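Visitor: I'd like to learn how to read this model. Please take it feature by feature, and start with a single residue.

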Amino acid sequence: MVEYRQLFTMIKEQTARLSQLVGTLLDMTNLKSVPRTDQVTLEELVDEVFCDLDPVADKHQIRLIQTEGDCTVTGSYILLYRAVYNLVENAIKYNRPSGSVTVNIHSAESAVLEVTDTGIGISPENQEKIFDPFYRVDKSRSRAMGGAGLGLALVSEIARQHNGQVKVTQSSEKGSTIALILPKSTDY
């Protein structure tokens, strides 16, 4: 009887993983058809992401911090929400207990949203690869964390669809900073 329960649990977990994978793949294929004409206030978007991820942060004993700063961009609120959500969620998952995730928004020539964590860091040879579909730095740890290895690839594609980019700007054993860089206003 115990073996059947374990088998049922494994099947249920694998089904959930596959369902999540299919959902993410569908999201990625539909990116081009989503209108990108909203005026998006990044500070408000981050507030909503923090509100939605607060239970996850509490579970992992991670403090969420938003510094002063704001910028408005033209794009899809839904897609930009998804990009920032994925960046903050990863920063929570790959952080240290009692760590923090800080989001800083500033603008110069572009709007820059930086997500900084106090996690384990990303080695230089992996800093570009983490945005490739299905790439995982630590396959054993990533599997235990869930996901399909598409979250950062989705962020990269959303940035590209908004004429922007995402990149690791700093990383060490004390944490990492990933920047989402977007035009302040664009014509699509």
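Visitor: Which residues does Leu182 touch, not counting residues up to four places away in sequence?

Guide: Contact here means heavy atoms within 4.5 Å. Leu182 touches Val73, Leu80, Ser110, Ala111, Ala159, His162 and Gly164, leaving out residues up to four places away in sequence. Take Ala111: 71 residues separate it from Leu182 along the chain, yet their C-alpha atoms are 5.1 Å apart.

Visitor: What kind of model is this, and what is left out?

Guide: The model is predicted: local features need pLDDT of at least 70 and side-chain atom pairs pLDDT 80 or more, while totals for chains, interfaces and linings use all residues. Side-chain values use heavy atoms, without hydrogens and water, and residue numbers start from 1 along each chain as its sequence is written.

Visitor: In which strand is Leu182 found, and is Leu182 buried or exposed?

Guide: Elements are DSSP runs numbered from the N terminus: helices are H or I with at least four residues, strands E with at least two. Leu182 is found in β7, residues 175-183. Burial goes by relative accessible area (buried under 20%, exposed over 50%, partly exposed in between; 1.4 Å probe, protein chains only). Leu182 has 4% relative accessibility, so it counts as buried.

Visitor: How many helices and strands does the protein chain have?

Guide: There are 5 helices and 7 strands. From the N terminus, the order is α-β-α-β-β-α-β-β-α-α-β-β. The protein chain has 188 residues, and 38% of them count as buried. Of the contacts between residues at least 6 apart in sequence, 71% join residues at least 24 apart.

Visitor: How do I read a helix pair, and how do α3 and α5 cross?

Guide: Two packed helices are described by the angle between their axes and the distance between the axes. The axes are lines fitted to C-alpha atoms over the stretch in contact, with angles from 0 to 180 degrees between N-to-C directions. Here α3 (residues 77-93) and α5 (residues 151-161) have axes that come within 9 Å and cross at roughly 145 degrees.

Visitor: Which residues of α3 and α5 meet?

Guide: From α3 come Leu79, Leu80, Arg82, Ala83, Asn86, Leu87 and Asn90; from α5 come Gly151, Leu152, Leu154, Val155 and Ile158.

Visitor: Why is α5 called largely enclosed?

Guide: Because 8 of its 11 residues are buried, α5 is largely enclosed by the rest of the structure. Among the buried ones are Leu152, Leu154, Val155 and Ile158. Glu157 and Gln161 are buried too.

Visitor: Where does α2 bend?

Guide: A bend is the angle between axes fitted to the seven residues ending at a residue and the seven starting there. α2 (residues 42-59) bends by about 50 degrees at Leu53, and Pro55 follows within four residues. Leu53 is itself buried, as are Leu42, Leu45, Val46, Val49, Phe50 and Ala57 of α2. The cover over them includes β1 (38-41), β2 (63-66), β3 (72-75), α3, β4 (100-107) and β5 (110-117).

Visitor: What is the phi of Ser98, and what is the phi of Asn163?

Guide: Ser98 has a positive phi of about 65 degrees, although it is not a glycine. Ser98 sits in the loop between α3 and β4 and, at 63% relative accessibility, counts as exposed. Asn163 also has a positive phi, near 60 degrees, and is a residue other than glycine. Its place is the loop between α5 and β6 (165-172). With 49% relative accessible area, Asn163 is partly exposed.

Conventions. The expected span of a helix is 1.5 Å times one less than its number of residues.
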